[in-house]
Structure formats: structure tokens, C-alpha cells
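Please look over the sequence and the model shown here before reading on. The paragraphs that follow lead through the structure step by step.

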Amino acid sequence: MKFYDVLTSGVVNIYQSKLRASLSILGILIGITSVLCMIAIGEGAEKIIADDLERLGGANHVRFSTRTATYRYGRRHATTERYTLADASAIEAECADVTGALPRNWRSRILVTSHKGGETRHATLEGTTADYALLMHWKLRDGRFLSENDIDNATQTCVLGTNVAIELFGDTSPLGQEVKIRYHWRQIPIRMRVVGVMSPKGRNFSITWGNLDDAICIPLTTYQQRITGIRYVERLNILAHV
């Protein structure tokens, strides 16, 4: 059978069965569209995850969290092992492939006020070290970040995220100004001097509190000694080479 005869026969059959042909073509179009949509959604989700990981310091890191208790047979058993600053230093010194060990303690929904009347109740308090900005790939907009001296002496200094700076001080520069941080409603507010403001970082869907620009970074030792009384490290982020 010649190609012309095959083509003619196919066209005749399609013409004679218009409904069947239309449904077949519609099914093919829906199938192709569905595949293309799934590919696009997958690529978009992959990009979102990659961007989120980059905001948190990159994909090559592992987070360890302190477990204060374990449960066996329905009973709670307290644990005694705790991470410390010395553990972070030892990991950096002993592991050649580790680029940094970042200790972090944090709490969300902290009440923070300024002397100008500004207030925020959804700030996230980050107790960390001087390497935080470098390891998290977070640039400063104004001022400076926490120093080793701040960590060693548990100074009452802080660095504000962009959103917090705007909510507390508006268009006024917060550098050198004081803010009051209240960890819980019974606590006396702790005065902290602003030494820096971070560049905008944006939302992050990999973490529960969402927006990195709502963070307030303070020395980990200040967090432990003056804010919460928790003397151990709650989280330890280990970053490594590819």
C-alpha cells in the first residue's frame, strides 16, 4: 500500500469517527501537558530547595540537635550529654574536611522593643558565634557583626535582621541604639546595643519560623548567661567541603 493510500485511509477514518478522533487527540494533549507540568514543578521545587539551602549556608552541612530526653516503653529518660563550644572547636581542629562548626541556640516569637516605641513580637533570637555571618553566607548592610570579644565577654550587643530593624526604628539608623529583649513575660527585659544590621535574606521554607530577616543575632554566651540560663549548645551545624 502506497503512502498516499495510507494517508487517505487515515483521514477518511478520522472524518467518519469525529468524536472518537477528537477524544483521542484530547487525551494525547492532556498527557503531554501533564508530563510537561510535572517536569516544570519538579524543576521549580528543586530550585526552591537549593535556594533555601544556600540561605542556610549551603547544601554541604549537617545539623545536630541536643536531645534532653529519650523515651523507652512509654517512659521519659533524661540524658546527660550536651554539646558545648569546646565541641565545636574540637571538630574544626580535628576534621580536615570541615570548613566550620557553628553552634546555635535560638527561640522564636521573642518580644523586642526600642526606646522609640517600636515593637515586634515575632522576632527570632539567635545565640551564635562570630563565624555565623561568614558560614551562613549572610552579608552586613550596616555596622559590624559579632566579634570574638563579644563572645568571650558575653557582651550585650546584637545584630538585627532587616525586618526587625525597620519595625523597631523605621527609617532611623539603629546603630548604637538600644533594644530591650524579653525572653518570656516574667523576665526583666535585657538591654542590648545594636552594632550591625544584616542585608535582606528573605523567607525560607526549610525552617519553621519562615523569614530570616526577622532574626536578632546575639553572642551565644550572652544568650546562655543573660537570656535563658541554658549553658549548653542546643544545635550544632557542621559545614564541610564538597
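Is Arg141 buried, partly exposed or exposed? Arg141 is partly exposed, with a relative accessible area of 40%, where buried means under 20% relative accessible area, exposed means over 50%, and partly exposed lies in between (1.4 Å probe, protein chains only). The side chain of Arg141 meets that of Asp142 in a salt bridge (3.0 Å, N to O), a term for a side-chain nitrogen of Lys or Arg within 4 Å of a carboxyl oxygen of Asp or Glu. Asp142 is partly exposed as well, with a relative accessible area of 29%.

Some background is needed here. This is a predicted model, in which local features need pLDDT of at least 70 and side-chain atom pairs count only at pLDDT 80 or more, while totals for chains, interfaces and linings use all residues. Residues are numbered from 1 along each chain as its sequence is written, and side-chain values use heavy atoms, with hydrogens and water left out.

The chain has 7 helices and 11 strands; helices (H or I, at least four residues) and strands (E, at least two) are DSSP runs, numbered from the N terminus. Of the 242 residues in the chain, 38% are buried. If we consider contacts, meaning heavy atoms within 4.5 Å, then among those with a separation of 6 or more, 67% join residues 24 or more positions apart.

A search of the whole structure finds 6 salt bridges. One of them joins the side chains of Arg104 and Glu126 (2.6 Å, N to O), and this pair links distant parts of the chain, with Arg104 in strand β4 and Glu126 in strand β5, 22 residues apart. Both Arg104 and Glu126 are buried. Another salt bridge is formed by the side chains of Arg107 and Glu234 (2.9 Å, N to O). Because Arg107 lies in strand β4 and Glu234 in the loop between α7 and β11 (235–240), this pair ties together parts that are 127 residues apart in sequence. Here Arg107 is partly exposed, with a relative accessible area of 25%, whereas Glu234 is buried, at 9%.

Helix α7 (residues 220–228) is mostly covered, since 7 of its 9 residues are buried, among them Leu220, Tyr223 and Ile227. What covers the buried residues of this helix includes α3 (85–94), β4 (98–114), β5 (119–128), α5, β9 (190–198) and β10 (215–219). Just after α7, Gly229 takes a positive phi of about 80°.

Helix α5 (residues 148–153) contains Asp150, which is buried with a relative accessible area of 2%. Leaving aside its neighbours within four places in sequence, Asp150 is in contact with Arg144, Phe145, Thr155, Thr157, Pro219 and Thr221. Asp152 is also found in helix α5, but Asp152 is exposed, with a relative accessible area of 62%.

Finally, we can turn to backbone angles. Most residues other than glycine have a negative phi. Ala154, however, has a positive phi of about 50° although it is not a glycine; Ala154 is found in the loop between α5 and β7 (157–160) and is buried, with a relative accessible area of 4%. Arg109 likewise has a positive phi, near 55°, and its place is in strand β4, yet Arg109 is exposed, with a relative accessible area of 65%.
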